[in-house]
Amino acid sequence: MFEYELHQIRSAELIREAADERLAREAVRSARAARREAAGRAAEGEVHPDRTRRHWFTRAA
């Protein structure tokens, strides 16, 4: 009987740990999605005028 109670306690503990880990993963996933969305909104309004254009070739001497 004692072993069964220990098994039940350990089982409940593992279930709680798994729920905590799922919650932590979900928090990380939502924070990552929020950063991605914020970066997308910031890049959406970006304007590149001609003077900031990248020059691909160096000037001839």
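Predicted model: local features only at pLDDT ≥ 70, side-chain atom pairs only at ≥ 80, totals over all residues.

Modeller: Here is a walk along the helix, pair by pair. The chain has one helix and zero strands, so helix α1, which spans residues 2-44, is the element to look at, going by how helices and strands are assigned here. The accessible surface comes to about 6,400 Å², and carbon and sulfur atoms account for 57% of that.

Let's begin at the nonpolar patch. F2, L6 and I9 form it on the surface, and together they put about 330 Å² of accessible area on show. L6 is a member of helix α1. With a relative accessible area of 45%, L6 counts as partly exposed, because that class covers values between 20% and 50%.

Now the charges. Side chains of opposite charge can pair when their charged atoms come close. With a cut-off of 4 Å from nitrogen to carboxyl oxygen, the count for this model is three salt bridges.

Take R10 and E13: their side chains meet at 3.1 Å, N to O. Both residues belong to helix α1 and sit three residues apart, about one turn of the helix. As for cover, R10 has 43% relative accessibility and is partly exposed. E13 is partly exposed too, at 31%.

Next come R29 and E26, whose side chains form a salt bridge at 2.8 Å, N to O. The spacing is again three residues within helix α1, so about one helical turn separates R29 from E26. R29 is partly exposed at 47% relative accessibility, and E26 is partly exposed with a relative accessible area of 41%.

That leaves E37 and R41. Their salt bridge has an N to O distance of 3.7 Å, which falls within the 4 Å cut-off. E37 and R41 are both in helix α1, here four residues apart, and that is still about one turn of the helix. On accessibility, E37 comes out exposed at 51%, because the exposed class starts at values over 50%. R41 is likewise exposed, with a relative accessible area of 53%.

Putting the pairs side by side: R10 and E13 are about one turn apart in helix α1, R29 and E26 are separated by about one helical turn, and E37 and R41 are about one turn apart as well.

How values were computed
Residues numbered from 1 in each chain as written. Heavy atoms only, no water. Helix = DSSP H or I, 4+ residues; strand = E, 2+ residues; numbered from the N terminus. Areas by Shrake-Rupley, 256 points an atom, 1.4 Å probe, with all protein chains shown as cover. Buried < 20%, exposed > 50% of the residue type's maximum accessible area, 1.4 Å probe, protein only. Patch = residues over 30% accessible without salt bridge, like charges linked within 9 Å, V, L, I, M, F, W, Y side chains within 5 Å.
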